[in-house]
Amino acid sequence: MTSFLRKLKWPDYLILAVLIGFFGYIWFTIEGTLNYAWRWHLIPSYIVGWHTGREEWFANILLRGLVATIRISIYASVLALILGTILGIARCSANLTVRMLARTYLELLRNIPPVVVVFIFFFFLSQQLIDVLNLERWARGIARQENNGVWEFFFGEMRRFPSLISGVIVLALFESAFVGEIVRAGIQSIPRGQREAAKSIGMSRMQEMRYIVLPQAMKRVIPPLANQFITLIKDSSIISLISVYELTFATVQLVASSRLIFEAWITTAGFYFIVCFGLSRLFARLERGKKRAS
């Protein structure tokens with residue numbers, strides 16, 4: 001902490017003072033103009049509550065929403081990585097039709113507002129898939145079972161499983177467009193000489209991609225993919241519009257029931273900041289360690 005303070009110059013202190021003054025002004029404006037009664041003492045009970053009957057602590061609405069957001073983000077990022085890698089390879093295909101189809105998908109999703117994309121994917125794809133697979137009936141059957149702890153650990157409350165799957169699919173399809181462009185850039189960054197060398201020793205295009213290009217390309221795109229994962233966590237708030245239970249949706253429910261408008265949303269913003277900032281610092285440290293090792 002002391003070394004960090006030594007690095008600060010007078011412009012840093014000036015910016016810090018301006019920020020403190022700005023947020024202080026907002027605070028007093030809300031309290032004075034709106035005559036808002038702050039009730040911060042109630043927020044901890046909505047994060048972790050005490051069950052008087054069972055005499056134990058339990059995760060309340062905000063903490064459950066945070067866990068759901070992390071769970072959805074992890075599953076959606078894995079699916080987006082798979083789809084994005086396929087799209088990135090397709091963008092570099094020798095077949096013109098494959099290239100154009102992949103490019104059309106990527107350009108459409110990258111140039112349409114996320115809210116519109118979410119509703120289109122939800123009503124025309126994910127909801128139809130859930131109905132075809134009859135996931136709601138299956139999830140209710142799992143929820144009625146007594147020994148469903150493993151299912152709840154990985155997917156949360158099983159009655160909300162179809163909603164979770166909808167959110168994962170919608171978020172993954174949207175984010176795969178950005179992952180696809182990252183993978184495409186990584187593939188095209190590999191020197192052409194290496195591809196020509198692969199062809200000269202008799203490798204097919206599939207073997208060239210599998211053994212020469214993709215291993216190097218994926219190493220190069222790890223930093224932007226890490227940043228995209230952080231972006232995905234923030235973008236996950238969009239799926240609250242289709243009633244998927246996650247942190248933003250839980251906050252809307254809390255505000256509606258308790259009228260803790262500013263306290264709830266500031267707490268939610270703090271949760272998002274802690275998760276995203278913590279991941280950005282972790283990825284930066286891992287990247288610095290990788291550079292030192294190389």
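Start with glutamate 107, which is partly exposed at 29% relative accessible area. (Under 20% is buried, over 50% is exposed and partly exposed sits in between, using a 1.4 Å probe and protein chains only.) This is a predicted model, so local features need pLDDT of at least 70 and side-chain atom pairs count only at pLDDT 80 or more, while totals for chains, interfaces and linings use all residues. Residues are numbered from 1 along each chain as its sequence is written, and side-chain values use heavy atoms, with hydrogens and water left out.

Glutamate 107 pairs with arginine 110 in a salt bridge, and their closest N and O atoms are 3.6 Å apart. (That term means a side-chain nitrogen of Lys or Arg within 4 Å of a carboxyl oxygen of Asp or Glu.) Both residues sit in helix α5 (residues 96-110), three residues apart, so about one helical turn separates them. (Helices here are DSSP runs of H or I with at least four residues, strands are E runs of at least two, and both are numbered from the N terminus.) Arginine 110 is partly exposed too, with a relative accessible area of 36%.

## From α5 across to α9

Which other partner does arginine 110 have in a salt bridge? That would be glutamate 181, with the closest N and O atoms 3.7 Å apart. Because arginine 110 lies in α5 and glutamate 181 in helix α9 (residues 161-188), this pair ties together parts that are 71 residues apart in sequence. Glutamate 181 is buried, at 12% relative accessible area.

Across the whole structure, the search turns up six salt bridges. One more pair worth a look is arginine 160 with glutamate 157, whose side chains meet at 3.1 Å, N to O. Arginine 160 counts as partly exposed at 33% relative accessibility, and glutamate 157 gets that label at 38%.

## Two faces of helix α6

Now move to helix α6 (residues 114-133), where you'll find serine 126. Is serine 126 buried or exposed? It's buried, with a relative accessible area of 0%. A polar atom of the serine 126 side chain lies 3.3 Å from the backbone oxygen of phenylalanine 122. (A polar contact is a pair of N or O atoms within 3.5 Å; within protein, one must be able to donate a hydrogen and the other to accept it, and residues adjacent in sequence count only if both atoms are side-chain atoms.) Setting aside neighbours within four places in sequence, serine 126 is in contact with Phe121, Ser166, Ile169 and Val170. (Contact means heavy atoms within 4.5 Å.)

Phenylalanine 123 is also placed in α6, but this one is partly exposed, with a relative accessible area of 45%.

## Thr85 in helix α4

Threonine 85 is placed in helix α4 (residues 61-91) and counts as buried at 17% relative accessibility. Its side chain reaches the backbone oxygen of leucine 81 at 2.6 Å. Leaving out residues up to four places away in sequence, threonine 85 touches Val183 and Met218.

Strands β1 (residues 48-51) and β2 (residues 56-59) pair up antiparallel over four bridges. (Two strands pair if DSSP finds at least two bridges between them.) Tryptophan 50 stands opposite tryptophan 57 in β2, and histidine 51 stands opposite glutamate 56 in β2. The two strands make a hairpin with four residues between them, and glutamate 55 in the turn has a positive phi of about 55°.

## Positive phi in the loops

Serine 243 has a phi near 60°, a positive value in a residue other than glycine. Serine 243 is placed in the loop between α12 (222-235) and α13 (247-258), and counts as partly exposed at 46% relative accessibility. Arginine 259, another non-glycine residue with positive phi, has a value near 65°. Look for arginine 259 in the loop between α13 and α14 (261-293).
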